[in-house]
Amino acid sequence: MPSNDVYQSHARSPGAPARRAEAVTPSDTVDLTTYAKALYLGVGGDLTLIPAGSSAAVTLKNHAGGYVAVQARRVLATGTTAQHIVALSE
């Protein structure tokens, strides 16, 4: 029986399209279930996050809605005004 997932055997890389998407609930204490290779903002605003390779938070001010090309381990509640955030991974 053929698989509907024709990309299943393709190599995964940071630049490849995401295979997983998960709604994000910003938290000052809890990391994302799976670190994101990018984020999507449904509604723009400030986005405070901890990058995957760091422990220091950064704030992207007045970011328009759309894609954020930063690998993220946590999206903080404090300082984040952007809404409808989706973590893209794998």
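This is a predicted model: local features need pLDDT of at least 70, side-chain atom pairs count only at pLDDT 80 or more; totals for chains, interfaces and linings use all residues.
Which residues does Leu32 touch, not counting residues up to four places away in sequence?

Residues are numbered from 1 along each chain as its sequence is written, and side-chain values use heavy atoms, with hydrogens and water left out.

View 1. Strand β3 covers residues 45–51, and seven of its seven residues are buried, where buried means under 20% relative accessible area, exposed over 50% and partly exposed in between, with a 1.4 Å probe and protein chains only. Strands here are DSSP runs (E, at least two residues), numbered from the N terminus, and two of them pair if DSSP finds at least two bridges between them. Strand β4, residues 58–63, pairs with β3 in the antiparallel sense over four bridges, and a hairpin of six residues joins β3 to β4. Within this pairing, Thr48 has Thr59 of β4 as its bridge partner, while Gly45 has His63 of β4.

**View 2. Strand β3 and its pairing with β6.** Strand β6, residues 72–75, also pairs with β3 in the antiparallel sense, over three bridges. The bridge partner of Pro51 in β6 is Ala72. Strands of a sheet pair through backbone hydrogen bonds, either parallel or antiparallel.

**View 3. The open sheet of four strands.** In this open sheet the strands follow the order β1-β7-β2-β5, with antiparallel pairing. Because β1 (20–23) and β5 (66–68) stand at the edges, each with a single partner strand, one side of each is left without a neighbour in the sheet. The twist averages 30° from one strand to the next, with axes that are lines fitted to C-alpha atoms and angles that run from 0 to 180 degrees between N-to-C directions. Strands β2 (residues 38–43) and β7 (residues 83–89) run antiparallel and are joined by five bridges, and Ala38 stands opposite Leu88 in β7.

**View 4. The surroundings of Leu32.** Leu32 lies in the loop between β1 and β2 and is buried, with a relative accessible area of 15%. Not counting residues up to four places away in sequence, Leu32 touches Val24, Ala72, Arg73, Arg74 and Ala87, where contact means heavy atoms within 4.5 Å. From C-alpha to C-alpha, Leu32 and Glu22 are 9.2 Å apart in space, and they are 10 residues apart in sequence.
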